[in-house]
Amino acid sequence: MPLIQLRDICKTYQLGEVQVHALRNASLNIDRGEYVALMGPSGSGKTTLMNMLGCLDRPTSGSYLLDGEEVVDMSSDQRARLRNRKIGFVFQNFNLLSRTNALENVELPLLYSGHLRAGRRRERVRLLLRKVGLESRMDHHPSQLSGGQQQRVAIARALANQPPILLADEPTGNLDSHTSREVMELFGQLNREDGITIILVTHDQAVARNALRSVVLHDGQVVCDSTDFGRATAALYQTEGANP
Amino acid sequence: MHPTLTLRVALRAIGKNKMRAGLTVLGIVIGVAAVIVLVSVSQSAGLMIHQQFQSLGTNVLFVIPGSQQGGGIHLPTGSIVTLVATDADAMTAECPAVLATSPMVSARAQLVAGNQNWSPDQIYGVNEKYLTIGNWRIKKGDYFTANDVHAAAKVCVIGKTVVDNLLGGMDCVGATIRIKNIPFQVIGILEPKGANLFGQDQDNIVLAPYTTIKKRVSGSTFNNIDAVFVSARATDRMQEADDQVTQLLRQRHHIRHSTLDDFTVHNSSEVANVLNIITTVMTLLLGSVASVSLVVGGVGIMNIMLVSVTERTREIGIRLAVGARSRDILRQFLVEAVVLSTLGGAIGVAFGVLVAIGATCAANALLSGARWPLTISLNAIVVSLVFAGSVGMFFGYYPARKASKLDPIESLRYE
Ligand SMILES: Nc1ncnc2c1ncn2[C@@H]1O[C@H](COP(=O)(O)OP(=O)(O)O)[C@@H](O)[C@H]1O
Ligand SMILES: [Mg+2]
């Protein structure tokens with residue numbers, strides 16, 4: 001059974017009189033341990049899909065089975081628990097708590113899962129920060145860290161509860177090419193060594209190339225889903241040509 | 001999230017913006033301080049009145065000749081001798097609610113000692129029980145005995161003001177003073193009581209056996225007395241004592257049913273009760289006026305919490321994204337509001353206590369004589385702290401609920 005099973009997902013926004021179809025009958029299966037790049041022109045529904053996958057949003061219709069459980073019918077508390085335990089989210093703009101240090105930022109998901117005592121919690125946070133190479137910056141606030149460092153803190157936070165899935169919506173969008181390469185190396189390592197399923201939205205082909213599978217969205221629909229990066233880029237050019 | 005963690009998160013959030021937190025709780029601080037000060041002041045007033053009544057004597061009734069019934073004072077025709085020393089003795093013997101009595105005759109005279117003279121406010125002729133009845137204590141020497149009273153001995157005890165003005169403040173037990181040229185031996189000095197409620201000096205007094213004052217100072221041949229001091233057995237038996245004394249005196253004076261009393265019983269407990277009620281009402285009134293400002297302070301908290309929720313929308317989004325449930329968010333903001341208002345309350349208590357102490361010191365420095373007591377009501381402190389906390393809970397609920405209803409995606413997008 002796939003880890004993620006999306007069936008005919010539709011998301012429609014009502015903007016006054018106008019209906020905006022952000023996702024139209026998107027279907028997608030992703031297995032445990034996959035590394036997927038999600039591409040598509042701006043406004044094609046990538047973020048909407050990621051929010052859906054991350055249990056932050058609910059589709060207008062369709063079905064989403066996560067680990068065999070139907071997410072669409074869940075209460076908001078149940079979805080909060082899924083976000084806490086099964087999903088790590090990495091954002092383009094890092095989304096760290098600005099007035100708390102790295103340690104406390106990484107600790108945050110552990111506070112809401114509440115299964116670790118303070119000592120074990122600190123131990124785990126230290127381990128995570130070591131993993132992303134920031135053990136020495138534990139007491140730095142986000143404003144005292146570079147963009148790449150902030151993103152690595154965010155990744156450590158996403159991994160706090162050892163979730164099987166890491167979702168990253170344009171994680172390198174605010175980083176220069178050098179730091180973005182570092183972040184991508186970290187992702188690759190997490191996928192290879194820890195078997196974490198990674199789904200990554202990106203505009204950058206150099207970034208997308210790291211993934212083992214590419215999914216291209218266009219107008220809220222999956223137009224290409226392939227392990228062949230060349231085919232995916234071709235499909236991407238086609239969508240951009242068709243929708244300049 | 002675990003409650004202690006929630007509390008820590010709240011304390012952190014408050015600590016990060018101390019200035020704002022201070023301004024937020026200013027209303028609560030002032031409200032609680034006002035409650036503490038006003039309750040303290042009105043309770044001090046009550047206590048002072050109570051102390052004054054205590055210093056008048058222990059559960060004292062005061063019986064004087066003449067009637068005050070039916071308006072005005074009706075002296076019995078022909079100035080009959082109405083109240084006599086044996087009336088006082090009979091009260092002690094026959095009224096169960098009466099603990100002790102003392103006849104009283106008063107005199108006005110100058111005192112002379114050596115080449116000094118002095119006019120005391122009161123020269124009281126009383127018996128050996130009066131010391132207890134009047135709630136006096138002897139500071140030095142002794143009080144006169146039943147034998148002294150019986151023998152009309154020329155002894156007296158004097159108050160501090162008399163000691164200071166007539167005898168230059170020296171140790172004067174054993175000294176002789178003259179009242180209307182009659183030598184009295186000073187056998188004791190009274191413990192000072194200070195001024196009474198009306199600023200009158202209570203220590204400007206001479207006490208001597210009533211027999212001596214009556215026969216030797218006033219030179220009277222009648223056996224009437226000016227008043228009887230009656231001490232009831234307990235404060236709540238004063239009315240009972242009043243009734244028994246009235247009954248007994250009517251009987252002893254052969255007053256028929258339809259006729260008016262030829263004496264009047266002054267019962268200080270009535271006045272004390274009224275004053276008690278007044279001070280209680282005053283305490284409640286001032287307390288509730290002050291607590292209105294607490295409510296206003298609560299509105300201030302709500303205001304700032306609402307701003308804070310808007311400002312921290314992104315923080316809320318982040319917390320939701322990493323797995324906070326909406327009730328975690330609700331709790332976080334609610335606890336923050338309650339902690340804020342309780343802290344404000346604590347600061348208000350400290351502030352209020354300081355002001356109350358300052359006001360008491362100032363009152364005692366400015367008003368000579370009367371000693372204004374300091375009362376800090378523990379009840380007022382506990383009640384206003386609890387009230388401040390509840391105000392925070394009540395006014396923090398709406399902002400907290402608003403925070404908990406935020407949508408994670410929109411909050412994350414909020415700039
Ligand atoms: N909250 C919203 N209200 C209305 N329309 C929205 C909302 N969020 C997204 N959309 C629309 O949905 C479409 C897909 O958006 P999005 O998923 O953000 O695209 P992408 O991330 O691929 O750029 C866009 O046309 C966008 O305007
Ligand atoms: Mg997007």
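Which side chains meet in a salt bridge at 2.7 Å, N to O? In this predicted model, the side chains of Glu34(A) and Arg213(A) do so, a salt bridge being a side-chain nitrogen of Lys or Arg within 4 Å of a carboxyl oxygen of Asp or Glu. The pair links distant parts of the chain, 179 residues apart, with Glu34(A) in the loop between strand 2 (18-30) and strand 3 of chain A and Arg213(A) in strand 9 (residues 213-218) of chain A; helices (H or I, at least four residues) and strands (E, at least two) are DSSP runs, numbered from the N terminus. Both Glu34(A) and Arg213(A) are buried, where buried means under 20% relative accessible area, exposed over 50%, and partly exposed in between (1.4 Å probe, protein chains only).

Residues are numbered from 1 along each chain as its sequence is written, and chains are lettered from A and ligands numbered from 1 in the order in which they are written. Because the model is predicted, local features need pLDDT of at least 70 and side-chain atom pairs count only at pLDDT 80 or more, while totals for chains, interfaces and linings use all residues; side-chain values use heavy atoms, with hydrogens and water left out.

Over all chains, the structure holds 21 salt bridges. One of them is formed by Arg327(B) with Asp77(A), the closest N and O atoms being 2.6 Å apart. Since Arg327(B) belongs to helix 12 of chain B and Asp77(A) to helix 2 (residues 76-85) of chain A, the pair joins two chains. Arg327(B) is partly exposed at 38% relative accessibility, and Asp77(A) is likewise partly exposed, with a relative accessible area of 22%. In chain A, the side chains of Glu135(A) and Arg130(A) meet in a salt bridge at 3.2 Å, N to O. Salt bridges that share partners also join Arg312(B), Glu315(B), Arg319(B) and Glu336(B) into one network.

Arg157(A), placed in helix 5 (residues 147-158) of chain A, is buried yet has no salt bridge, and the nearest side chain of opposite charge, Glu315(B), is 11 Å away; in this count Lys and Arg are positive and Asp and Glu negative, whereas His and the chain ends are not counted. Residues up to four places away in sequence being left out, Arg157(A) touches residues of both chains, among them Phe91(A), Phe94(A), Asn105(A), Ile318(B) and Val322(B), contact meaning heavy atoms within 4.5 Å.

An open sheet of six strands in chain A has the order 6-7-8-3-9-10, with mixed pairing, two strands being paired if DSSP finds at least two bridges between them. Strand 6 (87-90) and strand 10 (221-226) of chain A stand at the edges with a single partner strand each, so one side of each is left without a neighbour in the sheet. Neighbouring strands of this sheet are turned by 15° against each other on average, direction ignored; axes are lines fitted to C-alpha atoms, for helices over the stretch in contact, and angles run from 0 to 180 degrees between N-to-C directions. Helix 5 of chain A packs on the sheet, touching strand 6 and strand 7 (165-169) of chain A, and its direction makes about 165° with that of strand 6 of chain A. Helix 6 (residues 177-194) of chain A lies across strand 3, strand 7 and strand 8 of chain A, at about 150° to strand 8 of chain A. Strand 3 (residues 35-39) and strand 8 (residues 197-201) of chain A pair in the parallel sense over four bridges, with Val36(A) opposite Ile199(A).

In chain B, seven of the nine residues of strand 9 (residues 182-190) are buried, so this strand is largely enclosed by the rest of the structure. Three bridges join strand 9 of chain B to strand 6 (residues 138-141) of chain B in the antiparallel sense, and four join strand 9 of chain B to strand 7 (residues 155-158) of chain B in the parallel sense. Strand 8 and strand 9 of chain B form a hairpin with two residues between them, and Lys180(B) in the turn has a positive phi of about 50°.
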